[in-house]
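Okay, thanks everyone. Let me put the model up.

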Amino acid sequence: MGRLALSLLMAVVMAVACSRGPDATALRSEVKTKLDQRFKPGLFELVGLRRQGSAPLPDSEGGASRLAVYYNTTLKLNQGYDFGNWEGLSPGTLAQVLGATEKGIFGVKAGETRPGDEIRVYGSSTYEWTDNQWRTVEASTSGVTRENAPGDAAPPSRSKQLIDRLAALVDIPPPGVPAGDDQVIAEELNHALQAITARRARRKHVYTFASGPQGGEYYPIVDAVVDHVTRLKTPVKVRNLETEGSLENVRLIASKEADYALVQSNVAAMAYAGEGAFAQGGAVTSVRALGSLFPEPLHIIVSAKSEIRTLSDLRGKRVALGPSGSGTRADALTVLAAHGLGLKDFAEVRDDDLDDAPARLRGGRLDAIFATVGAPAREVQRLATRHPIRLLPLDVSAIAGLVTQHTGLVRLLIPANTYPGQKEDVTTMAATALLVTHADVPESEAAALLRLVFENPGYLSAGSAQGAKIAKRTGLRGITIPVHPAAGLYFGVPAKASSGATDSKPHG
């Protein structure tokens, strides 16, 4: 072979090698390093790794080529680890470290995973071509959603008569129904439709479970319950009702348009007391707690390069406190007041959520973001991989005051390494994702639902990392509204306590 041909061959070989990225040996070393950096060194033993291929990714913001390398790996735990610990690192962090989704993690058990147990992960690593070599870069994952259940059939004849009467009410010649009347009729029709759907479903032993937006954390939790019920092949069915979140879910429970729902614990406390967003409509005294599922800590996010270290440093700054009426906004105002701060103390207050605020923080047009969300939050992971961040701790005495006010809040640590670049534990407070129902729901039915939720191993496969934190031992943590009698029996609460609020300390 001639020298020119040999040179061309070597060039082709090098080009192919570069397009494929690092080999299995380099990949194995990188995966082990990442695990030791984010988790306790030596916690995992990498007992197997198979490189599955590679694919090009869009170029970086600086124009550098990027590549994804896919692999399957098996990890063995050298020590016991409790992925259900509310103040420990969750499977969501493991997913982010290994470039996986929650559905790509297998073997995480409810409660403590024991020494010798194995976890399989379908992972990926992202590389960027820099200085004539592939260098690993951080990359975060995104969630998956599923379709909702189908609607109902045509109504019976008496219903048809009522519909005809309604049609006559709104079928008015131009200019038609006045705008104010139209809004009232539309709202009442929407309530009626949801109530009809729920009552018809219940007659068929199909219970309506109000969750939240498909892109949020509540929806996959309920989806996992639906899948679990389907696998059991029982006559009872569960319908996952997509909603806007906690505030709507309380209303759906009050009107019996939903049988069960997920609600932030502090929102449930406000509803029962008739405070905050429920001051005008009145207290919702029919809501009952069935159990706390997982914590939703308040994140206060600033750029790592900023000089902001405490909440007091936010005076005169530009802050995003979350959308008006949201749980995040309510939490932000509560926490700021406990630290002696009000809206007038800021240069600018925005209602951006985690979809919009990170871009403003990265661009220097915002100084801090408030977000009440389960940790690790995918949106915060993405931000941290593109722009170094810092989480602000809360004052310990302020947290103590908030918790003792029976607002449904609990003290919580966001452990170090929950997010890329986070080197220290962060003390904050959290609401809990609370499973609620109506006071009229039968005990036997509520007890069956409790077993489905707290004894369901399928949360990761449904795309929920937070589901790994659902455990009976923390089922009463942060509850400050009356507990349904079925929950009193399930968690072993004395009969007199099951009709009133519990304390906010950990149980079990």
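I'll start with the ground rules and then go through the residues.

This is a predicted model, where local features need pLDDT of at least 70, side-chain atom pairs count only at pLDDT 80 or more, and totals for chains, interfaces and linings use all residues. Residues are numbered from 1 along each chain as its sequence is written, and side-chain values use heavy atoms, with hydrogens and water left out.

So, Ser 211. You'll find it in the loop between β8 (206-210) and α6 (218-232); helices (H or I, at least four residues) and strands (E, at least two) are DSSP runs numbered from the N terminus. Is Ser 211 buried or exposed? Buried, because its relative accessibility is 0%; the cut-offs are under 20% relative accessible area for buried, over 50% for exposed, and partly exposed in between, with a 1.4 Å probe and protein chains only. Beyond its neighbours within four places in sequence, Ser 211 has contacts (heavy atoms within 4.5 Å) that include Tyr 218, Val 222, Asn 240 and Leu 262.

Now the backbone. Most residues other than glycine have a negative phi, and most peptide bonds are trans. Asp 131, not a glycine, has a positive phi of about 55 degrees. It sits between β6 (118-130) and β7 (133-137), in the loop, and counts as exposed because it's at 60% relative accessibility. Lys 256 also has a positive phi, near 60 degrees, in the loop between α7 (246-254) and β10 (260-264). At 42%, Lys 256 is partly exposed.

Last one: the Ala 375 to Pro 376 peptide bond is cis, omega near 0 degrees, with Pro 376 in the loop between β14 (368-372) and α11 (378-386).
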